[in-house]
Amino acid sequence: MIRGVAIISSKIRYQTPFTMIDRAVLMNEELTVYDKTIYAILCSYANYEDGSCFPSYKTIARKAGCSRRKAIATVAKLVELGLLEKREQFNSVGDNTSNLYFIRTMSDASGSPPGSANPTPPDASCSLPDADGTLKQDSNNEIQSNDNHPSILREERLMEWKRKIDYAYFAEEMPSKLTFVDSLLGYLYELEQEGQPETDRLLATVDELVILEFLDEIRDKKFGHVKNFRQYLKRVFIEFLRQREIMLATI
């Protein structure tokens with residue numbers, strides 16, 4: 001008998017709790033040790049019914065043995081790869097609380113993460129792309145993907161926004177504001193989808209300086225009276241852009 005382990009019929013049965021982790025994630029050679037460790041930690045917190053969990057960045061960093069900044073950056077990467085779904089949460093006064101995460105497997109991820117190429121089945125039948133953006137095969141046996149799927153377009157646009165505002169700066173210098181910045185970028189995408197020329201013109205002026213100015217603008221605002229924070233913030237941001245444009249025109 002080995003301490004903590006019972007040997008039965010030449011098989012080892014451990015006497016401690018286990019965490020279930022997608023093997024494809026662990027075996028993916030293009031994911032870093034931080035990617036895999038933090039993914040595994042989130043899996044260990046997850047509810048097995050729906051894969052949800054809500055540890056704070058501080059907790060994730062402590063369990064992973066890394067800095068809070070590294071935990072934030074790694075979670076953002078896992079979200080981009082489709083291995084996590086992140087939902088911001090707010091308390092009654094509009095302040096951020098711990099994010100709600102939903103664990104996704106490699107096969108669930110929208111768009112293939114690095115190293116997860118899907119080979120073509122040898123006898124796959126030809127079909128048109130499904131509405132959910134699944135793979136299709138044309139008459140020349142070439143696998144294609146539906147690049148116009150809304151979720152893929154959204155992720156691509158959010159990545160463009162992150163490059164435009166120098167997202168890495170906020171991750172490194174203002175980690176406490178990163179969750180809010182993530183939410184704001186999602187709202188900017190929604191504003192773009194409304195197709196209003198005036199709104200599009202104002203959004204074209206947004207860069208990292210605009211985001212910094214907006215964060216300073218709302219720093220002391222209270223949101224306890226707000227019933228729909230999403231719509232409220234979109235309206236406040238567009239009004240901020242209008243007033244900023246007027247101020248710059250008078251300089």
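Me: In which helix is L248 found?

Reply: L248 is found in helix α10, residues 229-250. Helices (H or I, at least four residues) are DSSP runs, numbered from the N terminus. This is a predicted model, in which local features need pLDDT of at least 70 and side-chain atom pairs count only at pLDDT 80 or more, while totals for chains, interfaces and linings use all residues. Residues are numbered from 1 along each chain as its sequence is written, and side-chain values use heavy atoms, with hydrogens and water left out.

Me: Why is L248 called partly exposed?

Reply: Buried means under 20% relative accessible area, exposed over 50%, and partly exposed in between (1.4 Å probe, protein chains only). L248 has a relative accessible area of 42%, so L248 is partly exposed.

Me: Why is K162 called buried?

Reply: The relative accessibility of K162 is 14%, so K162 counts as buried. K162 has its place in helix α5, residues 150-164.

Me: What is K162 in contact with, leaving aside its neighbours within four places in sequence?

Reply: K162 is in contact with E80, Y167, D182 and L185. Contact means heavy atoms within 4.5 Å.

Me: What makes K162 and E80 a salt bridge?

Reply: A salt bridge is a side-chain nitrogen of Lys or Arg within 4 Å of a carboxyl oxygen of Asp or Glu. The closest N and O atoms of K162 and E80 are 3.1 Å apart, and the two form a salt bridge. K162 lies in helix α5 and E80 in helix α4 (residues 68-81), so the pair ties together parts that are 82 residues apart in sequence. E80, with a relative accessible area of 31%, is partly exposed.

Me: How do you know that E245 and R201 form a salt bridge?

Reply: Their closest N and O atoms are 2.3 Å apart. E245 lies in helix α10 and R201 in helix α8 (residues 197-203), so this pair ties together parts 44 residues apart in sequence. In the whole structure, a search finds 16 salt bridges.

Me: What makes a nonpolar core, and which residues have the most contacts inside the largest one?

Reply: A nonpolar core is a set of buried Ala, Val, Leu, Ile, Met, Phe, Trp, Tyr and Cys residues joined through side-chain atoms within 4.5 Å. The largest has 59 residues, and V206 and F237 have the most contacts inside it. Helix α7 (residues 178-193) gives the most to this core, with nine residues.

Methods
Helices (H or I, at least four residues) and strands (E, at least two) are DSSP runs, numbered from the N terminus.
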